[in-house]
Amino acid sequence: MSEYNHNSIEQKWQKYWSENKTYKATEDTTKKKFYALDMFPYPSGAGLHVGHPLGYIASDIMARYKKNKGFNVLHPSGYDSFGLPAEQYAIQTGQHPAITTDANIKRYRQQLDKIGFAFDWEREVRTSNPDYYKWTQWIFKQIFQSWYNNDTDKAEAIDELIATFAKEGNANVNAACEETPVFTAEEWNNWDEKTQRQTLMNYRLTYLADSWVNWCPELGTVLANDEIKDGVSERGGHPVEQKLMRQWSMRITAYAERLLQGLDKVDFSDSLKEQQRNWIGKSKGASVFFDVAGFDDKIEVFTTRPDTIFGVTFMVLAPEHDLVAKITTDEYKAKVAAYKKTAAAKTERDRQADVKNITGEFTGAYAIHPFSGEKVQIWIGDYVLATYGTGAVMAVPAGDQRDWDFANHFNIPIPNIFEGADISEGAYTEKGAKLMNSDFLNGLTAKKGMSLATYEIEKRGLGKGKTNYRLREAIFSRQRYWGEPFPVYYKNDIPYVLEDNQLPVTLPEVDAYLPTEDGEPPLARAKKEAWNVFEGDRMEYNTMPGWAGSSWYFLRYMDPKNEKEFVNKEKADYWNQVDLYIGGSEHATGHLLYSRFWTKFLCDRGFINFDEPFKKLINQGMILGRSSLINKISIQFSGLTKLDGKDEGATNLHIPNLLISKRKLEVITNHIKILKKEKNINNELKNEFLKIKGEMIFLRAKVAKVSNLKTPTDELDIEADILDLQTSSLHIDINCVENDILNIEKAIKDPMFSFLKGSHIIKEENGDFICGHEVEKMSKSKYNVQTPDDLCDQYGADSLRCYEMFLGPLEQAKPWDTQGISGVHNFLKKLWRLFPEDNQFDEGAPTKDALKTLHKTIKKVTEDIERYSFNTVISTCMIAVNELGAQKCKNKQILSDLAVIISPFAPHITEELWERLGNTESITKATWPAFNEKHLIESNFSYPVSFNGKMRFMLELPIDMGKDDIEKALFAHEKTAGYLDGKDPKKVIVVPKRIINVVV
RNA sequence: GCUCGAGUGGUGGAAUUGGUAGACACGCAAGACUUAAAAUCUUGUGUCCUUUGGGACGUGCGGGUUCAAGUCCCGCCUCGAGUACCA
């Protein structure tokens, strides 16, 4: 036993764990369970950088800690292995995405294994594996065969609904569904199958319908709202446009209220809950019907301010609104049609960029104000969205800024309906003012006005109070190859689901991963024989979206090999909710909402007994890269004629490719600043500057091949000759830089940085070239990517694990700084040295000091782990190791407990030390040491003594001393008189075991 | 624009309930060991003033509450994240 050799130790124990199945989880109902889960990784081709494992390390620590605490721990991992990148690669190269995916998973697994995670790999799942997606298809089928009963507020079997229809029609059915005309039992029973099935589509929780979708031509597929960022596709950044397409959708809106309410039951961060609340976007108001003059049709609008209804001066419909074509008068037809066309051609991004540009057209038609009976103009405008509410608004320019802008732009009157409000410059959007010009609402403020208005609207049959959600149905079809096939076939254009025993429908082979010439999805290319199941006229050609497999994977880990069910219910009852879920906040509105939705559905239908998947969720912060930059300047001087005695005229000094070390650049910029501002020259700075300038002149002389220069700086007039200074910087590979010092020889070998050869370089006096730095996202193009592999080789997985935790709070974004890893590496080395080389531990009773160190460490580490404050745990352990080192503690009992405490963070080294302590079982089976307060009890307390709140000196007193005695001791102290300065103390505050404060 | 976070040494950060601001670590400086380097160890390290003793200032800025404020309250500034015609 000599030096701490992390490589051999880590290999040894990784092998041991895998051979002994140390992390295998079994259902042991005698123990309390703990389920720790990381967000499903997508195995990308780029592999892991140091930012990725951060969350895995945290959940791993928690899993190991809970195991030591006696819990039965489930800590699995797997791959969300369907997805766009592998398919895009397949399109480019013709290689089957399964092959790429497999290769990526292998690399991913190698990287993960190096870090020493306590995953039970026997439970691995892959969404692209037919054994897995069989059950994704099966769940789809359950959703298809369900409807949402608003009366019981849950999903129920569609068979029950069919029975109801056959018995009494749909009059008494209160469902979350499409607008469906009332029919009787008799009508239902007389309908043919197609009509019946079409009607059922209105009720099913997943249904086929024409809907406005985000179509991305570049990717050749539809995207969900959460897959679009800033109007372009999240993957690839391609434009997106609106298109009406026949698509599978999930009726997630049925669950809007429960998804909202459920947030109160889970422990997510406030910001994440807020994001979900915004996404669901609940708003209360009223729906009101406006008659259209000259037509039988009514326009339904949704408003959150029914109290402002007397301020309505016009209406605006979305360009896509059904009624537009019908009601537009001949006079305006051409203009309206043209407007509709341009609106439709706009991409989502154009539309967003155009917010300030007010556009619209008058239809020539009028609506009748339901209260006043007045005629109001009907316009169309693309600020009204077809997909929200009813696609129509009642415009109240006095009370809504967008309506005000629109009215102002098109010269529509803006009558005021608020007492004392100034609406000449903009709408009055607050709720404090009393209403006027509003008939029966006059004199009321918003709150009372809204309820009275709603009451009147309902009483007069003009509409009703309503709650609206921003959340839209989730489009579930993707026109791509690399995803789950639907368990669906078509007969006479009616979709049917397959029988359970026909599942899974596996992905058929195709000749290319592209759409067909008719624009059908890639699966349409598959020959009939290529399908493992083929029914009816054709199979469904769409595939499921990326979130299908990831919406329920946490359930499959509980029972990954079950061939009869997606999960055994007893196992699901035991493992239950995920106790700790860690992942990035980018999934706030996608994955997290969908998996909550599916969990609620599966619970409704009785397959599981809980309706929230994740009890506690932590978003790990991003690890940012620290880029190294080479400063490049372009500097111009004039007045160099004195340089070598020859008259060169007013020549400018300009040197191309001038690279300058950081400190030298600072000298120049400081000097210029001072010259500009203060005029009085700082001599020291000036001399430094002159030197640099001399260097530059020398370099220029080299360029100009003027060689007869000696010490040019002596002759220079420095004060007035700077014409221009421009600085820029170039990214340089962080592997060529150490402690901000550039290794030029190393960098020059990289073809990317060969420009260094032809550059002029100004170094520091000692010959170093110091780089600048910036903290930004890790990316290849910035040459700042750190892979965990290199660090594992150099410092070991234990160092990497500890360092990632030591960096700062888990949830906070923080810059990666490789220099710092030596600190935790030193800590592990010190820990190693604490254990005697000959393994001759002190078997006797531990010293008081050692016990004190140990127990205060147990206390703090336990508390900190429980509140996920892992960075402070590392600090605490460092202190413990430092103290025990100073005490020269070799006590077996102390060191054993210490090893256990550190083991969740640094599992390899502690396994080795544990073995050296004479244990034959893995340290993962050890018991977490118990805290005993008696070791921390002190007889004295060292009081900080403050005068007027300023700490002056320490005073050590017995811990049980009373306030009066403390005061006596205080005034007896020699220093007290000095601080009193002859005055009487006004007040003395004594907080036992905390502080003494004297007010003078 | 709105919503939610966050601003503490040269750097990452600590201070859990209002009670010694800067723990722990990096970096830097000096020293020991060494032919030398590495490794290791010791000491110092918020800023300014001071011969020592010590003093003044100090948690983005300005106020306030309190014996006592990084922490609580009011107003502002800056940065980050999310979101955006949602009627």
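Visitor: Before we start, what is meant by an axis here?
Guide: An axis is a line fitted to C-alpha atoms, for helices over the stretch in contact, and angles run from 0 to 180 degrees between N-to-C directions. Please note that this is a predicted model.

Visitor: At what angle do the axes of helix 25 and helix 27 cross?
Guide: The axes of helix 25 (residues 821-834) and helix 27 (residues 870-886) cross at roughly 40 degrees and come within 10 Å. That makes helix 25 oblique to helix 27.

Visitor: Is that crossing left-handed or right-handed?
Guide: The crossing of helix 25 and helix 27 is left-handed.

Visitor: Which residues meet there?
Guide: From helix 25, they include Phe827, Lys830 and Leu831, and among those they meet in helix 27 are Ile874, Met878 and Val881. The residues of this contact divide into 9 nonpolar, 3 polar and 1 charged.

Visitor: What share of the RNA atoms within 4 Å of the protein belong to sugar or phosphate?
Guide: Sugar or phosphate accounts for 62% of those atoms of RNA strand B, and the rest belong to bases.

Visitor: Which side chain has an N or O atom 3.2 Å from a phosphate oxygen?
Guide: That is the side chain of Lys829. For Tyr979, a side-chain N or O atom is 3.0 Å from a phosphate oxygen of RNA strand B.

Visitor: And what does Leu385 approach?
Guide: A polar backbone atom of Leu385 is 3.0 Å from a base nitrogen of RNA strand B.

Methods. Residues numbered from 1 in each chain as written. Chains lettered and ligands numbered in written order. Predicted model: local features only at pLDDT ≥ 70, side-chain atom pairs only at ≥ 80, totals over all residues. Heavy atoms only, no water. Helix = DSSP H or I, 4+ residues; strand = E, 2+ residues; numbered from the N terminus. Parallel < 35°, antiparallel > 145°, perpendicular 65-115°, else oblique. Left-handed = near helix turned anticlockwise from the far one by under 90°. Contact = heavy atoms within 4.5 Å. Nonpolar A, V, L, I, M, F, W, Y, C, P; charged D, E, K, R; others polar. Near = heavy atom within 4 Å. Polar contact = N/O pair within 3.5 Å; in protein donor to acceptor, adjacent residues only side chain to side chain.
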